[in-house]
Amino acid sequence: MSAERAATAVAGTNIALVKYWGKRDAALNLPAAGSLSLTLDALGTRTSVRFSAALAADRLTLNGAPADARATTRVTTFLDRVRARAKIATRADVVTENTVPTASGLASSASGFAALALAATSAAGLPATPAELSELARLGSGSAARSIFGGFVEMARGARADGRDAVATPLDSDWRDVRLVVAVTSDAQKSLGSTEAMERTARTSPYYEAWIASVAADLADARAAVAARDLARLGEVAERSALRMHASALAAAPGILYWNPATVAAIHAVRALRAEGVPAHFTIDAGPHVKVLTTAASARTVADALLRTSGVLRTVVASPGEGAHLVEAA
Ligand code: DP6
């Protein structure tokens, strides 16, 4: 390898409609069950990686500022895997920017590790298939494995101990008529990270086993709904999966409660819309924001209703997006 090699990649974030919440192996970040998501357009991460013999340590710049030690260590651990596979020892300069609208509540490790996996392997001269990229991204963050692909994506639980089969595959990237309306309900940092929260749920919640046992049926239902492009059916699964995930976390000790009053108000608003015949189904991740699955034609109606809901600060309308891809450096 020459003294310097660089690459830049972008990846969209993704929102799970069948949730990932629990690991079968923490070290390899292997999920205890599969999941199914939609990758979003314009909401994501742009990451440049430059390996340089002149660097003594990895350097991480996050949204224009040097990252803290914790984030830098997580990236170094990830880059160590890429270096080991590429048989190089060079340190890297990593510059990463979120392309999510400011404070959308959507900044995520999913797009971050998907973009990093692609930029780092490319800069290291390491050939990688999409499945290999998905596996690598998973090692950074479980949900990142899905952001390698665009549109609807399914993440496999896998059965192997080495995790080679715990990768995502694309389901349908041509169903363009769907939208996700994000209702931002707080500007505070989330209280408890997903990694720690799912570990506590698995260790202490009496509902954890039941939650994991319920995922296979939801996946089959969601897969069929995507194949049929049946939004109502997919939305029903999404609500059920989110509520069950949160129920398992609520029952942990101490209980994990991500919702605020506006989260609950938004849930009621979505169900009221549906009662009026508007296609709208919610999902909620490890935070207080509510994400609503709807059609392109109803997205404005849904966003307006959410904006009128007490405690909702703003909304963002997102469309299906592409998988991670390389771009010219800015
Ligand atoms: C609620 O992928 O952030 O968003 O693998 O520990 O990094 P780690 O967790 P992460 O968890 C995502 C949890 C979720 C549901 C989902 O995206 O499927």
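1. Trp21 is buried, at 4% relative accessibility. Buried means under 20% relative accessible area, exposed means over 50%, and partly exposed is in between, with a 1.4 Å probe and protein chains only. Tyr258 is buried too, with a relative accessible area of 6%. The model is predicted: local features need pLDDT of at least 70, side-chain atom pairs count only at pLDDT 80 or more, and totals for chains, interfaces and linings use all residues. Residues are numbered from 1 along each chain as its sequence is written, and side-chain values use heavy atoms, with hydrogens and water left out.

2. How many aromatic pairs does a search of the whole structure find? There are 3. A pair of aromatic rings is described by the distance of the centres and the angle of the planes. Rings of Phe, Tyr and Trp (its six-membered ring) pair if their centres lie within 6.5 Å; planes under 30 degrees apart are stacked, over 60 edge-to-face, and the rest tilted. Trp21 and Tyr258 form an edge-to-face pair, with 6.4 Å from centre to centre and 85° between the planes. This pair links distant parts of the chain, 237 residues apart. Trp21 sits in the loop between strand E1 (4-18) and strand E2 (23-25). Tyr258 sits in the loop between helix H6 (231-250) and helix H7 (261-275). Helices (H or I, at least four residues) and strands (E, at least two) are DSSP runs, numbered from the N terminus.

3. The loop between H6 and H7 also holds Pro254. A cis peptide bond joins Ala253 to Pro254, with omega about -10°. Check this bond in the model.

4. Next, the ligand. It is surrounded by 18 residues; the closest are Tyr20, Lys23, Gly142, Ser143 and Thr195. A residue is near a molecule or strand if one of its heavy atoms lies within 4 Å of it. By class, the shell has 6 nonpolar, 7 polar and 5 charged residues. Here Ala, Val, Leu, Ile, Met, Phe, Trp, Tyr, Cys and Pro count as nonpolar, Asp, Glu, Lys and Arg as charged, and the others, Gly among them, as polar.

5. Which element gives the most to the shell around the ligand? Helix H4 (residues 194-204) does, with 3 residues. Domain 1 (4-174) and domain 2 (179-318) each supply at least three residues to the shell. The domain bounds come from an automatic or database domain assignment.

6. A polar side-chain atom of Lys23 is 2.6 Å from a ligand oxygen atom. For Ser143, a polar side-chain atom lies 2.7 Å from an oxygen atom of the ligand. For Asp285, the corresponding distance to a ligand oxygen atom is 3.4 Å. Taken alone, the ligand exposes 460 Å², and the protein buries 93% of that. Accessible areas come from the Shrake-Rupley method with a 1.4 Å probe; for residues, only the protein chains shown count as cover.

7. Two buried polar residues follow. His289 is in the loop between strand E11 (281-283) and strand E12 (290-295). His289 counts as buried, at 9% relative accessibility. A polar atom of the His289 side chain lies 3.1 Å from the backbone nitrogen of Thr185. Thr45 belongs to strand E4 and is buried, at a relative accessible area of 2%. Its side chain makes a polar contact of 2.7 Å with the side chain of Ser111. A polar contact is a pair of N or O atoms within 3.5 Å; within protein, one must be able to donate a hydrogen and the other to accept it, and residues adjacent in sequence count only if both atoms are side-chain atoms.

8. Strand E4 (residues 35-52) also holds Leu38. Leu38 is buried, with a relative accessible area of 0%. Leu38 and Gly323 are 285 residues apart in sequence, yet 10 Å apart in space, C-alpha to C-alpha.

9. Val312 lies in the loop between helix H8 (299-307) and strand E13 (314-318). Val312 is buried, at a relative accessible area of 10%. The C-alpha atoms of Val312 and Ala262 are separated by 6.0 Å, with the residues 50 apart along the chain.

10. Backbone angles close the note. Asn63 is not a glycine, but has a positive phi of about 50°. Asn63 lies in the loop between strand E5 (59-62) and strand E6 (65-66) and is partly exposed, at 43%. Arg229 is not a glycine either, and has a positive phi of about 50°. Arg229 lies in the loop between helix H5 (208-227) and H6. At 41% relative accessibility, Arg229 is partly exposed.
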